[in-house]
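Colleague: Please take a close look at the ligand site in this model. I would like one connected account of the site and of its setting in the chain.

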Amino acid sequence: MQLKSKALIFGAILTLIALTAIQGYLIYNTYELKKKTFTVDARNAIAKVYSAPEVDSIMWLYRNDFLTQLEAYKNNKLSKEQVLFQLRKKAEAVNLLFIDRYEEGMAASGFDADVKFRKTASYIAISDSLGNKEVLLGANRQDSILLLGTDFVEEGGILINNSTWTIDHDYERSGMQDTFFLEFKSHIHMNILNWELAIVKELSGLLIISVLLFVFVVGLLYYSIHNLLKQKRIAEIKTDFINNITHELKTPLSTLSLATKTLTSGHAEGDAEMTNEAIAIINRQNIRLQRLIDQVLQSSLGYKQIQLSKEAFNASLFIDQVVEDFKLSLQNGVAIEKEIDTTGVLMNADTFYLSTAIINLLTNAIKYGGTRVVVTYSIDRAKNSHRITVTDNGIGISEKYQKFIFDKFYRVSEKDTHNYKGLGLGLYYTHQIIKAHHGSIYVTSKERKGSTFIILIPIVS
Ligand code: ADP
């Protein structure tokens, strides 16, 4: 059973982990897929804007200007740097037109993420009719000129196009017709800002449902495991209870059988002492059996079924009396001390039930190894309650069991505690009695040092 349920829990947790991993993988895949479609969508939106005839005419504004600058360069009227400077300046001016057009186009495309566009010239060379080539830009790899769009760092961008504009340009050089061949390489990059956020936003429905499902499955699993363990514990407790009660019944029954045998066998005939002793044994065992049965019967009572007949009485005197009466049944070697305050505050309770509760605690204190038991009574002003404590120097209760000891049928099942007889009902019943009085009971204990049970009964004014 132990192994089976452990395997079951282990299996369930493993399955949950596997399911979570699969779900995580699927979400990741969807994310990657979205990312791809997102890039393709952005690219398409850009292509649409960029290929519009207006953009083409905007580009010709700097191109025409640049060709004129090159003619001046060829005629030695401008230096290389001046040509590039002019190109930069012209592109800057033209770019303003482009940016307006671009923003309009992107807004119209319905693509809602912020996509930056950048077109840069990276290589410009001219060759003359004899094939002599001059590189104006791009000899140095870092050189580039922003033509259109907004500048951004290279790592954030995705290259979407490389293009080369080539033209054989006729011009007049020192009064003579000449031609130069232009090679003008440019790159287009795009950069989608906050695209992770935009995708997560798109996937938010899926993510929320996944998280909810996950929480639901974890909750279900937790609930099932919790229930399984609870059922297992109940089953164990019931088995323990049956073993305990069989064990408890065996001793009085065999003693009874011996005593009746003595009486019926004729051995005791004419021996008054023997007869009386046998009868006394029968009586004692009878009482013991009755007590056992009472205990089992009482245990079926919850605190709501306990019918209290309350009265107001002097608690100091009452507790003193209960302890004194209990002392009469004590064997040698056990000392019970009292520290009872004379409070003068009346207690409103059922004396029969309350004494049963205190006697249960005293019986346990001695049963579980106490040789010195201290009973105290005082008023707990902070809690506005009567406070009764029973402290022993017995075997104590390990902290991990303390929260269970008031449960029905619960017995601490450590190896050495098997030696103590019981049904696991005493503290349960005591707890029910105190609850019926709207009070509380709790324990503080240290293993091998002893335990203190504290009862608080509210003061009723
Ligand atoms: P029972 O004594 O019949 O087993 P109880 O309900 O009275 O049942 O007690 C429940 C468990 O709490 C006991 O089995 C015992 O392990 C533990 N216990 C109760 N009182 C004490 C005590 N004074 N010292 C140590 N252990 C205690």
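Modeller: What follows describes the ligand site first, then the core and the domains.

The model is predicted, and every value below is computed from it. The ligand is surrounded by 20 residues, and the closest of them are N364, Y368, D392, R411 and L427. Sorted by class, this shell holds 11 nonpolar, 6 polar and 3 charged residues.

At D392, a polar side-chain atom sits 2.9 Å from a nitrogen atom of the ligand. At L427 the backbone is involved: one of its polar atoms is 2.8 Å from an oxygen atom of the ligand. At S451, a polar side-chain atom is found 3.5 Å from a nitrogen atom of the ligand. The ligand taken alone would expose 530 Å², and the protein buries 98% of that area.

As for secondary structure, at least two shell residues come from each of α7 (351-367), α9 (426-436) and β12 (450-458). Among the contributors, α7 gives the most, with 3 residues.

The largest nonpolar core has 48 residues, and the members that touch the most other members are I319, M347, L354, I358, L362, I405 and F453. Here α7 supplies the largest share of the core, 7 residues. The core takes at least three residues from domain 2 (204-299) and at least three from domain 3 (311-458). As a general point, nonpolar side chains in soluble globular proteins tend to be buried together.

T39 belongs to α1, which spans residues 2-50. Its side chain reaches the backbone oxygen of K35 at 2.6 Å. T39 counts as buried because its relative accessible area is 19%, and the cut-off for buried is under 20%.

Key
Residues numbered from 1 in each chain as written. Predicted model: local features only at pLDDT ≥ 70, side-chain atom pairs only at ≥ 80, totals over all residues. Heavy atoms only, no water. Near = heavy atom within 4 Å. Polar contact = N/O pair within 3.5 Å; in protein donor to acceptor, adjacent residues only side chain to side chain. Areas by Shrake-Rupley, 256 points an atom, 1.4 Å probe, with all protein chains shown as cover. Helix = DSSP H or I, 4+ residues; strand = E, 2+ residues; numbered from the N terminus. Nonpolar A, V, L, I, M, F, W, Y, C, P; charged D, E, K, R; others polar. Core = buried A, V, L, I, M, F, W, Y, C linked by side-chain atoms within 4.5 Å. Buried < 20%, exposed > 50% of the residue type's maximum accessible area, 1.4 Å probe, protein only. Domains from an automatic or database assignment.
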